Structures are given as C-alpha cells and as structure tokens.
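Biologist: I am new to this one. Could you show it to me and take some questions?

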Amino acid sequence: MTKVSIIIPVYNTEQYLSQCLDSVINQTFRDIEIIVVNDASTDNSLSVIKEYQQKDNRIVLINVTDNCGLSNSRNLGIKKAKSPYITFVDSDDWIRKDYIEFLFNNIEKFKCDAFSGSYYVYNNKTSQYETRKYSFLTTKHKNNKNLIVLPSINCSPWCKIYNKDFLLKNNLFFRLRRREDSLFLYDLVIHKARIIYVNEPIYFYRVNRKNSLTSSNYFILHDVIFLLKEIRKTLYKENLFGDYFRVFYIYSFIFLSFALICSNIPQKRIQKMLIAAKTFLFCNSEEYTNCIDKFAIAIFKFFINHVSLYINTAKILKKIKRAFEKYVV
C-alpha cells in the first residue's frame, strides 16, 4: 500500500497541467499514488493526463463526464484514496521537489491529524514570487479553536497533509461549491483536529491566471455570507454554538471585512445583503452573551448598518495586518 495519496482536481487547465504533473511525478518521496480527477474538461486536459499515465503508472484517472465542481472532485479523490495520508494539489499550481517527503515526515513526527507548510504566491501576469508565512501565533499551533481567527492563516486544503482515518471517521468532506476550503478548515477545528503550521514554503500557488475560479470577485460577499450561515448551522447541529460563540463572531467580523474590500458590488446592494445576513447572524445570540459580548455584538451590528464605515475600517485593519506580518514574522 502506498503511503500518501495526492489528489489533483482538473478543470480546463491544459496550459499549466504539465508543470503541475511534472512536479508531482518527480517527488523525492516515491511511495505515492496520484489521483487525477478530470472534471469534464472541455480543453485538452484529459489528453495531457492520459499522456502522463503512460509515463507513470502511479497515476490513477477519475474521468467525470458531467461537471461536478471542485468540492465533489476532491471528495471523489478522498473516497478513492488507498493511502493512510492525503494531500491536495491544484492543477494550475506546482510543488517543491520534496513536498511529499516534508509533509509525510512531519505528520509522522508530530502524530497530528493535519500538518501544513507555507507557500509562495506566483503572479501569472508579472512572473513575480511572494513568500507567504504564518504569524508566530499560528506556527506549530494545534488543537485550538481560536486557530481559525488568527492572522495569516491559510485555510486552503493544499499545502497540507491529512490523516485519512481522521477525515473518514468524522465524515469530513467538502460541502460547498465556493468557499469550500474555509468550511473544511472550520469542520476540522470543530472536530478537534490537531493541526500544526510551520513557516516552510513548499507549495507554489498561481494567481491572476485567465479564467481562474478566483479571478472574479463579484460574488465574494455573497459566498462569505452563505459560508457563515453554513458554519452557524453546523455549530448548532453539533450543539457547539455556545462553545464557539465568541470565535464565530470574531471570525464573521473579520471575514465580512475581507469580503467588503474584495467585492465589487454596488454599495446599496451590499447594504441589503448585510441587513439580510443579520437575520441569521444574531438570531438567539442573547442566549450566550455576557456584558462584554453584548457590547461587542452591538458594535458589530453598528458596522453592518454603516457600510462605508465598515469598508474603511476593514481597509485599516488590512494595513495593520500587513504591518504585523512584516515586522513580527
């Protein structure tokens, strides 16, 4: 049995797929299976995958004829995987030569449920690289629900390795078509996964490529509101809302701040969306609040009612965050 299953969802990434697959088949750690899920690509991605299958018999192809989306593609890979550990690579990205060796050795060493390195951001338009690191608060951080609200956290499923038994035991799969990575991380934390982050860049994340799923930011606010609704629903379902009450509202405030900066939606529509979000965000919140929490929630509601102030505050917070990362990391 192989030791690590690498899951690569593919949808119309013919231009970048060879670089991705070359980086995977040439890993220093050889005991792997490579599960490539072709999600009904309409370009020549399938031909590229089959060509690489001829080069390397470790490649397992799952060919989906009807487009099912990134989350379902990853889920198909999880169900197909035969190794005790799972990692994900996006088909337009690539990985360091010892990516698997580094992840495998560390998850074995620390006996954790998930382990993550850091990554480089590659700008496809400028060909420039930028190193992304975690704050000192997240480095070697594990088994703490506050993890999800700390600065510089990377909630993407790639750049990490997971214990497959932990995922299956807790029925942890990707549940959304968009912002699925954030909900997946929240699910891990809710189920008390032991997660360790270290500042070792091992992954190359491509941004600003044409037709990328992340290239359009019009629906970011809509997606984030839907994500928060799903998180709240999950906390209530697991009878954990009281335990995660404060963390949930800090997370909501921060994530909505991010969405407000990134979404190019008219302000009147933003106002309507935020007011609609209040109906679920603060429903029954008084059950769990002390005086300090009530004051914090009142401030949160005030910002939601004053969009311009919320956006400007979010921009200031972003600048503070960048300064924090630059001088503290």
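Predicted model: local features only at pLDDT ≥ 70, side-chain atom pairs only at ≥ 80, totals over all residues.

Biologist: What share of the residues in the protein chain is buried?

Modeller: A residue counts as buried under 20% relative accessible area. The protein chain has 329 residues. Of these, the buried ones make up 52%.

Biologist: What percentage of the contacts with a separation of 6 or more joins residues 24 or more positions apart?

Modeller: Take the contacts in the protein chain with a separation of 6 or more. Residues 24 or more positions apart account for a share of 78%.

Biologist: Which residues of α8 make the contact with α6?

Modeller: α6 passes α8 in a right-handed crossing. From α6 come Ser 182, Tyr 186, Val 189 and Ile 190. By class, the contact of α6 with α8 has eight nonpolar, one polar and no charged residues. The α8 side consists of Tyr 244, Val 247, Phe 248, Tyr 251 and Phe 255.

Biologist: How do α8 and α9 run, roughly parallel or antiparallel to each other?

Modeller: Helix α9 spans residues 267-281. It packs with α8 at an angle of about 165°, with the axes 13 Å apart. The cut-off for roughly antiparallel is over 145 degrees. Therefore α8 and α9 are roughly antiparallel.

Biologist: Which residues in α9 meet α8?

Modeller: The crossing of α8 and α9 is right-handed. α8 brings Phe 248, Tyr 249, Ser 252, Leu 256 and Leu 260. The contact of α8 with α9 divides into seven nonpolar, one polar and no charged residues. In α9 the partners are Ile 270, Leu 274 and Leu 281.

Biologist: And α8 with α10: roughly parallel or antiparallel?

Modeller: Helix α10 takes in residues 291-305. Its axis lies 11 Å from that of α8, at an angle of about 20°. Angles under 35 degrees count as roughly parallel. α8 and α10 are therefore roughly parallel.

Biologist: How many charged residues does the contact of α8 with α10 have?

Modeller: α8 passes α10 in a left-handed crossing. Phe 245, Arg 246, Tyr 249, Ser 252, Phe 253 and Leu 256 in α8 meet Asp 293, Ile 297, Phe 300 and Phe 303 in α10. The contact of α8 with α10 divides into seven nonpolar and one polar, and the charged residues number two.

Biologist: Is Asp 181 buried or exposed?

Modeller: Asp 181 lies in helix α6. Leaving out residues up to four places away in sequence, it touches Cys 155, Ser 156 and Pro 157. Its relative accessible area is 15%, so Asp 181 is buried.

Biologist: How many disulfides does a search of the whole structure find?

Modeller: Cys 159 is buried at 0% relative accessibility. Cys 283 is partly exposed at 33%. For disulfides, the search of the whole structure finds zero.

Biologist: What distance separates the C-alpha atoms of Asn 72 and Arg 177?

Modeller: Asn 72 has its place in helix α3, residues 70-80. With a relative accessible area of 37%, Asn 72 is partly exposed. Asn 72 and Arg 177 are 105 residues apart along the chain. Their C-alpha atoms are separated by 8.1 Å.

Biologist: What is the phi of Lys 111?

Modeller: Most residues other than glycine have a negative phi. Lys 111 lies in the loop between α4 and β6. It is exposed, with a relative accessible area of 52%. Although Lys 111 is not a glycine, its phi is positive, about 50°.

Biologist: Where is Lys 192 found?

Modeller: Lys 192 also has a positive phi, near 60°. Lys 192 is exposed, at 53% relative accessible area. Its place is the loop between α6 and β9.

Key
Residues numbered from 1 in each chain as written. Heavy atoms only, no water. Left-handed = near helix turned anticlockwise from the far one by under 90°. Helix = DSSP H or I, 4+ residues; strand = E, 2+ residues; numbered from the N terminus. Contact = heavy atoms within 4.5 Å. Nonpolar A, V, L, I, M, F, W, Y, C, P; charged D, E, K, R; others polar. Axes fitted to C-alpha atoms, helices over the stretch in contact; angles between N-to-C directions. Parallel < 35°, antiparallel > 145°, perpendicular 65-115°, else oblique. Disulfide = S-S within 2.5 Å. Buried < 20%, exposed > 50% of the residue type's maximum accessible area, 1.4 Å probe, protein only.
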